[in-house]
Protein chains: 2
Amino acid sequence: MDAALVSPSNIAWQPAMPSACQTCSAERFCRPVGQAEPSSMFPVDRSRKVIHRGESVYRTGDALQNFFLLRSGSVKMRVTNSSGLEQITAFPVAGAMLGLDGIETGHHTCDAIALEDSLVCVLPFADLMRNCRDDFGAAQHFNRLIAHDTNQYCRLLLTLGCMSAEERVAGFLIGISEQMSASGYSPMAFTLKMTREDIANHLGMKVETVCRVFSRLQEAALVQVRKRQLEIRNVDALRKMSCG
Amino acid sequence: MDAALVSPSNIAWQPAMPSACQTCSAERFCRPVGQAEPSSMFPVDRSRKVIHRGESVYRTGDALQNFFLLRSGSVKMRVTNSSGLEQITAFPVAGAMLGLDGIETGHHTCDAIALEDSLVCVLPFADLMRNCRDDFGAAQHFNRLIAHDTNQYCRLLLTLGCMSAEERVAGFLIGISEQMSASGYSPMAFTLKMTREDIANHLGMKVETVCRVFSRLQEAALVQVRKRQLEIRNVDALRKMSCG
DNA sequence: CGGGACATTGATTAAGATCAATTTAAGTGG
DNA sequence: CCACTTAAATTGATCTTAATCAATGTCCCG
C-alpha cells in the first residue's frame, strides 16, 4: 500500500526487491499467471520505468497497452476537448493505478503527465486481464478501482458546480493533506508538486485567483504559504471552509 | 440496445416478453446462471419495477443490493456533500445501468431520482457478479460500463471547469439531442424532462441564468424554446458553441 | 549571472449571482 | 370540471465574485 514510503532513489537504482512488490497495492493484479493464490509469495518481477518531470506516461489517443502503477512521484491527469480546452481532473500520487481511462474504448482519453521524476510499474493490460479472469477477487478489486475514480470525479463535480473559490482551494488543500497522510507523510506540512496554473485549472479558476485565495488564507492564519511549501495552521477551520 | 423504443405502457402492463430482454443492453449480465453462452436464447425473467416521478430508485447510503437497468423514462443522479450541497451529475435515460456508484464501497453514493414515471429491470448484484465470474466477456463489458461513467464525468468536469454559461447550455442541449437520437427519437425536437433548476444545478449555474441563456439562444435562432418543449433550429451553430 | 518560467499584487471589467416581481403551468380537492 | 393553490419559469435591476489586464517580484537552471 504505502509504496510512497520507499524513496524513489532506492527503487530507481536497484533491482526491484520482492518486499517492495509484496506491499504493493497492485500485488493482486501483478501475480504471474498460474499463481492465482492470494497468498502467493513470489510476485512477478515487473518492468519499471522512470518518467521524468514533464514527460507523459501515456497520451490521449494512445492504444491501451499497459496500466501503470505509480510507485513514487506524482502526476497530473489532463483531458482536452476538440477545441483545445484543457481540464486537469486529478493529481495521482504513489499507489495510484494509471490508465483506467482507456478501458472504455481501448484508447486513452487523458494525458498522464509527471509533475516530478516518477517511477511506475508497467502492468500489461493482457496480463492484468488474465489475472482477473483467473482470480475473481482480483476482478472485483479491479471494478472497485475504476468505480473509485468515478466517485472521485463526482465529488469534484460538486466542488466545481457548487463552491466558491475559497471553498475550492480549502477542499483542494484538505485533499492533498489526506493524500499525504495516506502515503505516510506529514499531513500538516508538504510541498505542492504542481504549479499555481495547474491548481487553478483543476479547480476551474484563474492563477491570480488561486494566489489571492492563498494570500487570504494566510492572512486568516489558516495556512502558511511560501511558494510551493505549504503548512496547514488550522485544519479545523480549513476543513469547515472546504465543506461549503 | 434501444430499450427506449418499447413503450412504457407495453412493458408495464404485460408480462415481460422475451424479445424485450433479448434486445436489452444488459442481456449479457442478465442470463440465468449455468447458461453462460453469449447466444443464449432464453434470458431470465427479471423482476421489474415502476418508479413514479419524484421517487428514488435508490438513495445515498443504501447498501448495494441490486443494479437497475433503466428500460423507459429518465432519472437524475444527485450527489450530496456533508453540508447539504447538491450536484446533479447525470440524466440517464432508457438503456442506462443504474447503481454503479455503489461498487466502490458497497453502498450507494448518489440518489437516483425518477424525472417521470419510469421502468427498471432489477438485476441482483450477486447474480450479475456470478455472471461476470462465469463469463469473462460479461466481466469485461461490465468494466467498460463503469469506465464509461468515469469518462463521461471527465467531460463534464471540463465543461464546468472551462466553459461559459452559453457554452455549457449549448453542450447540454447537444448532449440531450444525441441521447434522443441514440434512443431512436428525433434529435431536433424533444421534451426536457427536468426542471430549469435541475439543468442549472447540473451545469453549475443558477436558474435565472439558464432562462436567460435559453432566451438568448432563441433570440439568435439557434433553438425554439417553449417551456420544456425544445426544438433545435441550427445544430451546427449550437455544436460549434458547445465546443468552447 | 542572465533568461525564462512561475508567482504575486493592484486596478478595472464583465459574467453571472442575487433580489424582486410577475406570469404561466400543473396539481388538488371540492 | 373548475377554482384554488403551489411549483416552475421568465424578465428586470442591482450587486459580487472572479476574470482580465498590467506590472513587478522571485526563483530555478543552464
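Six nonpolar, four polar and nine charged residues make up the surface near DNA strand C. Here Ala, Val, Leu, Ile, Met, Phe, Trp, Tyr, Cys and Pro count as nonpolar, Asp, Glu, Lys and Arg as charged, and the others, Gly among them, as polar. The model is predicted, so that local features need pLDDT of at least 70 and side-chain atom pairs count only at pLDDT 80 or more, while totals for chains, interfaces and linings use all residues. Residues are numbered from 1 along each chain as its sequence is written, and chains are lettered from A and ligands numbered from 1 in the order in which they are written.

Of the 19 residues around DNA strand C, those that come nearest are Thr195(A), Arg196(A), Ser164(B), Ala165(B) and Thr209(B); a residue is near a strand if its C-beta atom, placed from the backbone, lies within 6 Å of it. α8(A) gives the most to this surface, with six residues.

Chain A is assigned domain 1 (3–135) and domain 2 (163–242), with bounds from an automatic or database domain assignment. Their contact takes 13 residues from domain 1 and eight residues from domain 2 of chain A, where contact requires C-beta atoms, placed from the backbone, within 7 Å.

Note on methods:
Helix = DSSP H or I, 4+ residues; strand = E, 2+ residues; numbered from the N terminus. Contact = placed C-beta atoms within 7 Å.
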